[in-house]
Every structure is written in C-alpha cells, then in structure tokens.
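Please examine the sequence and the structure before reading on.

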Amino acid sequence: MTIMDSNRSAAEQESDEVVQLNPVFVRPGEMTEVSRNAIPEHESLPETAYQVVHDDAMLDGNARLNLATFVGTWMDEHATKLYSETFDKNMIDKDEYPATAAIETRCWTMLAKLWNAPDADNALGASTVGSSEGCMLGGLALKRRWQHARRAVGKPTDRPNLVMSTAVQVCWEKFCNYWDVEPRYVPISMEHQVLDGHGLDEYVDENTIGVVAILGVTYTGMYEPVEQISAALDDIQKTKGLDIPIHVDGASGAFIAPFVQPDMAWDFRLPRVASISTSGHKYGLIYPGLGWVVWRDADALPDDLVFKVSYLGGDMPTFALNFSRPGAQVLLQYYMFLRLGMDGYRRVQQTSHDVAQFLAGEIGRMPQFTLWNDGADIPVFAWSMAEGYTDCWNLYHLSDRLRMKGWLVPAYPMPEDLDDVVVQRVVVRNGLSRDLAEKFLDDLKTEVAVLDAADRPLPTEGQSTGFHH
Ligand SMILES: Cc1ncc(COP(=O)(O)O)c(C=O)c1O
C-alpha cells in the first residue's frame with residue numbers, strides 16, 4: 001500500500017472515480033461530474049469549483065469542539081484581514097519582503113527575551129512551519145556541535161545518540177531516523193511519570209549530542225522538570241566530564257510557562273539550555289503553520305549550518321529545512337504580540353489554565369476515573385479508568401459516545417512500558433470557555449451514565465486510538 005492509498009478512505013477507493021456535482025449549482029453547459037483523482041480535462045466556473053471544495057471541507061469536524069488538538073483554530077477579524085492581505089508573502093524572499101524578514105527577526109528576539117536569554121541581541125532564531133521543524137533544527141545544531149567538538153580532539157563521529165523520554169512527540173523519532181542519530185529512550189513509569197533526571201547517567205555517554213526536555217508532554221501536558229534534568233547533567237559533568245546540552249521542546253509550554261509559571265526556571269536561565277523550540281500555532285495563538293526556534297548564542301548554532309540568502313543587496317543568514325513557505329503567519333504572530341502584550345497573553349493563558357483545572361477537578365471527582373494529572377502545567381490533563389471500576393466499558397467507548405455529540409476527546413495508550421494504561425486527554429485552548437466546559441461536562445456525565453447502564457461488556461472489536469499528537 002502506498003502512502004496515498006492509505007490516506008484514501010475505503011469509501012473513496014470503492015466509489016466511482018468521479019465526484020457528482022450538485023445539480024443546483026451546475027451552470028448550463030458545465031460538466032455534471034468531475035474526476036476524483038485526476039485533474040479534470042476541462043475547466044469549470046470558479047463558483048462551481050469553489051462550491052465543490054467548500055462542500056468537501058464542510059465535512060471536517062467542528063474545530064471548536066475539538067478537545068484533541070493543540071493547534072489554534074480561531075483568530076479575531078483583524079488577524080483574518082491581515083492574513084488575507086499577506087498570504088502571498090514568501091518567507092524566504094527576504095529581498096522582496098524585507099519588512100516581513102525584519103518582523104521575523106523582531107519576533108524571535110522577543111521570544112529570546114521572553115525566555116530569558118542572557119544577551120537576547122546575540123541570540124539566534126528562526127521561524128519554522130511548526131515545532132517539528134524547530135525540533136529538527138535544534139537537533140541538527142546539537143549534532144553538528146558535537147561533531148565539531150569530537151573532530152577537534154580526533155575522536156570518531158559515527159555514533160551520535162540523543163537522550164529523551166519514551167513520551168516524546170513523534171517529531172523526535174523522525175529526527176533520529178532522518179539524521180541517523182541513535183534514539184535513547186528513558187522509559188517513564190508510575191514512579192517517574194516524566195523524564196526527571198533519574199538514572200540519566202545510564203543513558204548518556206561521550207556520543208550523546210544532547211538531552212531533550214519536553215515542556216508539556218504531548219500525552220498528558222505535564223512539564224519535564226528542566227531544572228532537575230539540568231542538575232542531573234551537572235552531576236554527570238562532575239563525575240564523567242561530559243558537558244551535555246539540553247534542547248527544550250516547548251511546543252506548548254514555552255508559550256504558557258512565561259505567563260502562568262514565571263518563576264519556574266526552565267529556559268535560558270539554565271546555562272545548559274542551548275535551544276528552545278515552540279509552536280506559534282499552539283499557545284502562540286496563531287493559525288496553523290508557524291513554529292519558532294531560538295539558540296542561546298552563536299556558539300549554540302554552528303555557523304556551517306547557516307546559509308545566506310540575498311537581502312537588500314546584502315546577505316541574510318537563514319537556517320531552515322524549507323525554502324519557500326508562507327510569511328503571513330509570522331506577521332500574525334507579530335500582530336498577536338502587539339495586540340495582547342504580556343498582560344493579554346497572561347490573561348488568555350491563565351483563563352485556559354483555570355478552565356483546565358476546573359474540568360480536571362470535576363472529572364477527578366467522578367468515581368469512574370482516576371486523574372493522571374490535573375492541568376497545573378500546560379492547560380491539558382488526562383485521566384484513566386479507576387482501577388476495577390467496570391468490565392463493561394472503557395475509555396474508547398466513552399470517546400465514541402462523546403464524538404456522537406461532536407466532542408473529539410481521544411483515548412490512547414501511554415507510551416512503551418506503560419502501554420497497558422489507557423488515558424483520555426482534554427486540551428484546553430483559548431475558546432474553550434468556562435461555559436462551554438460546563439456543557440462538555442454535562443455531556444460527559446450523560447454519556448458515562450449511558451455506559452454505566454450496560455449490564456454486560458460492550459463490544460471492543462475495532463476500537464482504535466484517536467488523534468493525540
Ligand atoms: C511536545 C511536542 N513537540 C513537538 C510537537 C510537534 O509540533 P508541530 O505540530 O507544531 O510540528 C508537538 C505537537 O503536538 C508536541 O506536543
């Protein structure tokens with residue numbers, strides 16, 4: 001099966017290879033059907049083509065009720081206006097769009113300051129299409145730094161490894177796979193629910209390019225205690241002489257911690273933190289398609305990874321996996337920084353945080369469930385079935401029933417070594433108001449009561465995990 005085959009629904013693969021056009025909007029003389037998987041032979045009117053795409057896209061879920069995704073789905077009308085005025089800008093064309101290029105630099109400098117870089121004017125940064133690209137760039141810089149240091153002392157560079165928890169997001173598996181780095185996974189357990197520095201010395205060695213610390217684990221929303229991980233690496237340096245840098249994957253948390261937990265040291269306040277990545281399109285409050293990565297200083301980003309593109313008759317350094325990509329999201333991020341300021345971001349993130357803790361408290365009180373965490377880190381929490389509560393239903397059944405009411409709340413197993421624990425997770429984003437949260441809670445309680453009425457085990461065939469990355 002090819003990737004494309006697997007993306008097509010069974011219905012689409014079986015149906016005729018054509019899409020029937022609705023007779024109400026087909027104009028006289030126009031075709032009444034179009035090929036599904038081949039570019040049509042003839043033109044259609046823009047209104048007709050628009051209607052076909054619009055109607056297909058309508059089948060997508062209601063983003064407002066999607067409690068599975070971290071990604072922003074709403075911005076105000078000024079943002080929408082700005083977006084529609086700037087969607088033609090190409091981020092890489094710094095020469096044609098010098099103002100956008102300057103705004104990109106302003107944005108990551110603001111982030112360097114937000115994340116307490118000791119000298120933000122000497123930090124380096126880049127916008128990316130999301131955290132995944134930010135993590136790839138952070139990982140590549142770690143690898144290149146390690147290679148330089150090894151070559152300088154005549155040591156081999158053929159077996160780099162990266163140390164991280166088994167609960168990392170899939171982008172880190174991709175990084176290791178694509179760039180030939182051995183992944184070393186530290187298992188999480190009931191005692192160590194996140195990577196916390198415990199037993200780290202068994203995983204690192206002279207070939208370790210770095211340790212990934214996640215600020216807001218995708219599975220549960222919990223913070224990995226970066227300060228504690230850093231202290232464990234300090235001890236390792238004392239005993240083994242290994243100086244191992246940290247990349248903080250702050251996909252969600254790097255836009256939460258500075259506003260909700262400002263006193264927590266997880267960022268460039270820790271000298272061992274070499275780089276930090278985040279998603280502008282998550283708690284940065286921007287539409288999909290934006291991430292950021294910032295390096296503490298020039299030493300953290302080897303110069304031989306940086307390319308030069310022309311800019312106002314000179315050169316501008318860039319480090320990115322893509323060449324052309326939209327610049328509009330970068331402008332949207334700048335808009336949000338200006339629009340909300342520190343106070344506004346604090347208010348928005350605190351509101352999501354309060355809603356998460358309210359929901360977690362209510363769900364935690366239900367006898368059916370045991371909370372895994374309570375939303376005190378990023379506004380995300382997960383729960384599992386209370387041990388021994390019932391044999392009749394499970395969280396996959398509940399997820400299905402909630403879907404019937406429009407709510408997307410995935411259930412899935414925890415990572416390796418804890419994969420017998422199934423959790424269900426809610427991501428609270430801006431837009432899940434207290435009022436909407438109460439409606440969700442009512443629906444959840446109703447559906448739990450329906451399941452509780454089952455007097456024999458419900459079928460479990462075909463149960464599958466929901467989207468949770
Ligand atoms: C911890 C973590 N890292 C990386 C990513 C990948 O982010 P993106 O979707 O912006 O590429 C995610 C996405 O959920 C995440 O939770």
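## Residue L395 and its surroundings

Apart from neighbours within four places in sequence, L395 is in contact with M385, A411, V422 and Q424; two residues are in contact if their C-beta atoms, placed from the backbone, lie within 7 Å. The model is a predicted one, in which local features need pLDDT of at least 70 and side-chain atom pairs count only at pLDDT 80 or more, while totals for chains, interfaces and linings use all residues. Residues are numbered from 1 along each chain as its sequence is written.

L395 belongs to helix 11 (residues 395–404). Helices (H or I, at least four residues) and strands (E, at least two) are DSSP runs, numbered from the N terminus. Because L395 has 23 C-beta neighbours inside 10 Å, it counts as buried. The term buried requires 20 or more other C-beta atoms within 10 Å of a residue's own, whereas exposed requires 12 or fewer and partly exposed lies in between, with C-beta atoms placed from the backbone. The C-alpha atoms of L395 and F369 are separated by 9.6 Å, although these residues are 26 residues apart along the chain.

Strands of a sheet pair through backbone hydrogen bonds, either parallel or antiparallel. Here, 4 strands form an open sheet in the order 12-13-15-14, with antiparallel pairing. Strand 12 (369–371) and strand 14 (411–413) each have a single partner strand and stand at the edges, so one side of each is left without a neighbour in the sheet. From one strand to the next, the twist averages 40 degrees. Two strands pair if DSSP finds at least two bridges between them.

Strand 14 is joined to strand 15 (residues 422–427) by 3 bridges, and A411 has Q424 in strand 15 as its bridge partner. Helix 10 (residues 328–364) lies across strand 12, strand 13 (380–385) and strand 15, and runs at about 140 degrees to strand 12. Axes are lines fitted to C-alpha atoms, for helices over the stretch in contact, and angles run from 0 to 180 degrees between N-to-C directions.

| Strands | Bridges | Direction |
|---|---|---|
| Strand 8 (residues 273–279) and strand 9 (residues 291–295) | 5 bridges | antiparallel |
| Strand 4 and strand 5 | 5 bridges | parallel |
| Strand 4 and strand 6 | 3 bridges | parallel |

In strand 9, V294 is the bridge partner of I276. L162 stands opposite P183 in strand 5 and opposite G210 in strand 6. Strand 4 is largely enclosed by the rest of the structure, because 4 of its 5 residues are buried.

## The ligand

Which residues are the closest to the ligand? They are G130, S131, S132, Q169 and A251, and 16 residues surround the ligand; a residue is near a molecule if its C-beta atom, placed from the backbone, lies within 6 Å of it. Helix 6 (residues 131–152) supplies the largest share of this shell, 3 residues.
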